[in-house]
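Reader: Could you walk me through how to read a helix pair and a pocket in a model?

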Amino acid sequence: MSPKKSLALAALGVSAFLLAACNEEDAAAPQAAAAPKVSVAAAYQADITEEAVFIGKVEAIDSVDVIARVQGYLRDVLVGEGSNIAAGTPLFSIEKEAYEAAVSAREADLASAKANLELANIELDRKQQLVAKGTSPESELDIARANAAVAEAQIKAAEAALEQARLDLSYTDVSAPFDGRIGRISASVGDLVGPSSGPLVTVVRQAPMYVSFSLNEKQLADVLKALDTHAGGLADAERSPDVFVDLPNGDRLEETGHIAFADNRINPATGSISIRAEFSNESQMLVDGAFVHVHIQALEPEARTLVPQAAVQRDQKGDFVLLVNQQGVVEQRYITINGQHETGYIVEEGLQPGESVIVEGLQRVRAGVEVEAVQAGAAPEAATDAPADGAAATDEG
């Protein structure tokens with residue numbers, strides 16, 4: 001073979017090699033990246049009854065420390081601790097003998113005073129006759145009249161003393177002042193009790209019950225605006241909003257209460273106004289002294305915009321969502337949130353119902369990126385991630 005021919009063949013081989021290499025590079029070059037898939041959900045509207053939440057304290061309408069009104073030794077304890085009682089139920093008995101004797105003595109004093117009055121009246125009649133006959137001076141008649149008046153006064157004093165003695169005797173029987181439940185009994189049979197010995201027991205009315213709470217000036221203004229009323233109208237039976245209570249364990253009390261009292265002024269020391277709600281407490285789940293969460297609801301529901309919680313993110317500027325516009329491009333939108341309702345956040349500003357927000361795939365996208373949006377909860381596409389036949393053969397072989 002001639003040198004020229006050999007050189008031509010060599011050049012042809014190099015060209016073929018370079019062409020093959022270029023074809024391999026073209027085959028190995030990656031295709032243009034596909035738009036990332038994200039799941040979206042639409043902002044939506046719902047009728048929401050606005051409510052405000054406060055910390056409240058349960059207070060019994062009636063609660064009294066039962067104290068012995070007379071001094072004496074405790075003879076009987078007639079009820080058990082923690083018992084439910086009705087008004088007038090006997091609770092304690094104090095020894096009566098000294099007070100019965102005092103009643104007898106006062107009765108005797110009254111009888112003596114009546115006898116003295118009778119004698120004074122007889123003497124007065126005699127003096128009047130003698131003076132009329134001129135056999136007795138007028139001064140003796142004046143004395144007789146004074147003695148009769150003193151005797152009448154002594155009768156009144158004796159009657160009052162007798163009434164007090166009978167009253168003291170009645171105080172030896174200690175009864176319940178109203179329906180309720182008694183607490184721990186602090187005295188035992190044989191103890192010397194009296195007005196200065198402290199309470200024998202505390203009686204608390206169980207139903208109905210009050211729940212008291214306070215609103216600061218801003219909260220009061222917000223509540224009045226939401227209820228479309230004034231402070232005096234909070235306790236108005238026709239305008240009073242529904243009040244609900246969450247018990248200390250987090251359970252919602254099944255009963256609905258109403259505002260029974262709103263103070264007429266802001267307390268200058270605390271900057272708040274006192275409110276009191278009343279509950280029938282038929283279940284007796286409200287216990288005097290317990291702290292609860294109080295919910296006040298608006299009179300009418302209002303249409304509000306909501307967004308799924310999974311769509312909301314937060315940075316130094318505040319809360320925001322990533323939404324997909326009509327061109328399929330991601331936008332970052334800052335929003336103003338005002339509370340939570342079920343599984344969504346209530347949006348005050350920044351979002352309109354129907355706008356699509358990303359709820360899944362947030363970590364794969366950023367503002368300005370074009371995406372493929374799929375409605376959240378839609379069925380996945382068929383087996384796009386299944387291995388190719390060659391790969392399957394490789395696994396098997």
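Author: We'll take the helix pair, then the pocket. This is a predicted model, where local features need pLDDT of at least 70, side-chain atom pairs count only at pLDDT 80 or more, and totals for chains, interfaces and linings use all residues. Residues are numbered from 1 along each chain as its sequence is written, and side-chain values use heavy atoms, with hydrogens and water left out.

Reader: At what angle do helix H2 and helix H3 pack?

Author: Axes are lines fitted to C-alpha atoms, for helices over the stretch in contact, with angles from 0 to 180 degrees between N-to-C directions. Here H2 (residues 97-133) and H3 (residues 138-170) pack at about 165°, axes 8 Å apart. That makes H2 roughly antiparallel to H3 (the word covers angles over 145 degrees).

Reader: Which residue kinds make up the contact of H2 with H3?

Author: It divides into 19 nonpolar, five polar and 14 charged residues (Ala, Val, Leu, Ile, Met, Phe, Trp, Tyr, Cys and Pro count as nonpolar, Asp, Glu, Lys and Arg as charged, the others, Gly among them, as polar).

Reader: And the largest pocket: which residues lie nearest its centre?

Author: Rolling a probe the size of a water molecule over the atoms shows where empty space is left. On a 1 Å grid over the protein atoms alone, using a 1.4 Å probe, a pocket is an open set of points with protein on both sides within 12 Å along at least five of seven lines, and lining residues have an atom within 4 Å of a point. Of the 25 lining residues, Glu50, Glu51, Ala52, Ala226 and Asn338 lie nearest the centre. H4 gives the most to this lining, five residues. The lining splits into 11 nonpolar, seven polar and seven charged.

How values were computed:
Helix = DSSP H or I, 4+ residues; strand = E, 2+ residues; numbered from the N terminus. Parallel < 35°, antiparallel > 145°, perpendicular 65-115°, else oblique.
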